[in-house]
Structures are given as structure tokens and as C-alpha cells.
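This report covers salt bridges, a pocket and a surface patch. Please look over the model before reading on.

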Amino acid sequence: MADKASFVADDFAHALFPRSDVIFNDRMRSNAQQYLRSVVDQIEKRICTIATQDMGVHQEVLLDIAQGGKGQSFAMLEPSGLLKTPEIVRHLFVKTQQSELSARLLQKISQEDLESTLTRHLDHEDPAVAEAAMGLLVAQSKTTGAPGEIAASPGDLPPEILYSLAWPITAALARRSGFAGPQLQQATERLLAAHDESAGVARKAERLAQLLDQSDEDQHSVPHPMRDGLTLFVARLARRSGLTSDQIVAFTAEPDMVRLVVVMRAADFPAQEALSIFAALDGGDHILTAATYGETDRDRCLVQVSHWASPEAYQKAERLLSGDFPGSPDR
């Protein structure tokens, strides 16, 4: 208790003095915790299954987890700080914001109509588009939870996130079970080697977005979440802007979705389309007017988006070297 109490001031400081303008509601916190626990439990079970079934390990704790018993790793990892790395937390934030956007869309369009945004591509004149749409549908079906919730699927994790989670889980399993053999580490290596990033939702959406942009029928259409569905809309906008899908999702969490508006203006979306997209994704009573959108200088937007498309390490270095940044050499 005393050890944990030593972090109270840090926790309170983060709550009192946030460094961003993004608001995290209780549902987002709950979804993030639920998602993280679920994905840790699933990775843990897979490691134990490989170790016990494929590698012949007979250890009581590992066998129990492999057979569907209660997970052991999360309770050990949660207070350790090993799940709080910037990479993991950024991934959690994006997944949580995606869930928020999905919930907002379902307030404006039915689940049936939302599902039809992809199924309509199954009859596309280009067989490659139809095949890609089916692939995205299958991938999404594995990561679709109840409205407002996130369904976790380790197969949909970026490789770097799977790596960041798998090894701490392996260490927690070794400590919890007392098993000192090399098979646990070997099982984790097999898990990582078998991971196929191309089978995940993000890559499937990118593939379909690419094919639609090359299609005579669809290349000039403006992406819209109520016509494309959220995942494909994000992938199409990311492709047209040169940004990543994670960046697009993160922009929607910022006040008034200002950077999303900048991206749409840079992509030269017609005003009515931009206003409709804004209304579909907004979670409050914010309004984007045609006048505000039209008066936003497109050339400046193009420069900004080009800057945001730069490597993250470059942008971070540029901020730290900027004369306007506190603590820089010129301040």
C-alpha cells in the first residue's frame, strides 16, 4: 500500500495538469482497460497453448491458462508500468477513439446500413475490389464488439505492439508459474513469427482504399464514413493525405476536430461533403460552417499536412529545437 501511495502525487498531477486538450471520458477509460486486459489474456493463452500443446510443457498454471482458466499476467503487469509504454498507450488511445467514433456513427446510421457500406463492394465490376472488400469484412468481424465496446484480437495488433506486450507477458508467466525452462520464450518466438500483419483490419482497409482509388468508378468519389464505413473512410483519407490511419483517428479526438478539417481542406473536399463528414464524426454540439471551411487557406493546409506526414522523430526534434519551445537553446 505504501509503495503504491508514493505515486499518488504523480497521478493527481496528470489529472490536474493535462498536457493536451483532449478530453477522456469514463467510457474511453473503461474501454481502454477492457481492451488491454482482453488482449493480454488472449496473448497469454496463446503462449501457454503453444508451450503445452506444441512443446510438451506440463506445468499446472500454464496448462490451466491454455485450457481457458483465468489469466495471470495482467494483474502482475498492470502495477509494474510495463503496460504503460508510449507505444502501447498510443495504440490504446487510437483503438479507444475508434470505438468512440463507431458509437457516434451508430447514432446517425443503422447497423444494417453501416454494414452495407462494405457489402456493396462485393459486386464490384473489378474482382480485386470485391476480394479486398470480402477480406476487410472478414477481418472486421473478428474485431467487432457490442456497440460502444472494443473487441480485442491479437491478430489485428501491429507487430511492434504485439512484441511490446508478448515479452512482458512471457516474463510474468515465468514468474507466476515458477517454470524456468526455455520453452516459454520459444513459444513466444513462435507466436511472433506466425503473426501476419497483412491479415489485420488496417492492412485490409489500406488495400481496399488503394484499389478504389485506382478504380475508374470510385477514384473521384469523396470518402465519407456513412458511405464507406469508419475503417475504410479513415484508410481512404489517410491515403489521399499521406498521413497514417492512426493520425486521422487521433485528429478526431482533438477540440473541434481542427486538424481533421485541415486535412479535408488540403484534400480539396467540397464544403458540403466536409460539413457532412464533420457532423457524422462529431460527438458534441460543434458546428463547422461552409464559410469557415471555405475561408481556410488550402495552400497553408497543404503545407501543414505535409509537415504532419513527416517522420514522427523528425517532428519531435523540430519541436524541441524550435525557438518557441520552452527550454530550447534560444529561450
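## Salt bridges: the rule and the first pair

A salt bridge is a side-chain nitrogen of Lys or Arg within 4 Å of a carboxyl oxygen of Asp or Glu. The model is predicted, and side-chain atom pairs count only at pLDDT 80 or more. By this rule the count comes to 15 salt bridges.

One of them joins the side chains of Glu100 and Arg27, at 2.7 Å from N to O. Glu100 sits in helix α6 and Arg27 in helix α3, so the pair links distant parts of the chain, 73 residues apart. Glu100 has 3% relative accessibility and counts as buried, because that value is under 20%. Arg27 is partly exposed, with a relative accessible area of 40%.

## Two further bridges

Asp213 and Arg240 also meet through their side chains, at 3.5 Å from N to O. This pair again links distant parts of the chain: Asp213 belongs to helix α11 (residues 201–214), Arg240 to helix α13 (residues 230–241), and 27 residues separate them. Asp213 counts as buried at 16% relative accessibility. Arg240 counts as partly exposed at 30%.

Arg227 pairs with Glu273, and their closest N and O atoms are 3.2 Å apart. Arg227 lies in helix α12 (residues 225–228) and Glu273 in helix α16 (residues 271–281), so this bridge ties together parts that are 46 residues apart in sequence. Arg227 counts as partly exposed, at 36% relative accessibility.

Some salt bridges share partners. Arg120, Asp213, Asp228, Arg236, Arg239 and Arg240 are joined in this way into one network.

## The second largest pocket

The second largest pocket has a volume of about 360 Å³. Its lining holds 21 residues. Arg104, Thr252, Ala253, Gly283 and His286 lie nearest the centre of this pocket. Two elements give two or more residues to the lining: α3 (26–54) and α6 (86–105). Helix α6 gives the most, with four residues.

What is the make-up of the lining by class? It has seven nonpolar, seven polar and seven charged residues.

## A nonpolar surface patch

Phe12, Leu16 and Phe17 make a nonpolar surface patch of about 360 Å². Leu16 is placed in helix α2 (residues 8–16). Leu16 is partly exposed, with a relative accessible area of 46%. Patch residues need over 30% relative accessible area, so Leu16 at 46% passes that cut-off.

Terms used: Residues numbered from 1 in each chain as written. Predicted model: local features only at pLDDT ≥ 70, side-chain atom pairs only at ≥ 80, totals over all residues. Heavy atoms only, no water. 1 Å grid on protein atoms, 1.4 Å probe; cavity = no way out; pocket = protein on both sides within 12 Å on 5 of 7 lines; lining within 4 Å. Points joined across faces, edges and corners; volume = space filled by probe spheres on them. Nonpolar A, V, L, I, M, F, W, Y, C, P; charged D, E, K, R; others polar. Patch = residues over 30% accessible without salt bridge, like charges linked within 9 Å, V, L, I, M, F, W, Y side chains within 5 Å. Areas by Shrake-Rupley, 256 points an atom, 1.4 Å probe, with all protein chains shown as cover. Buried < 20%, exposed > 50% of the residue type's maximum accessible area, 1.4 Å probe, protein only.
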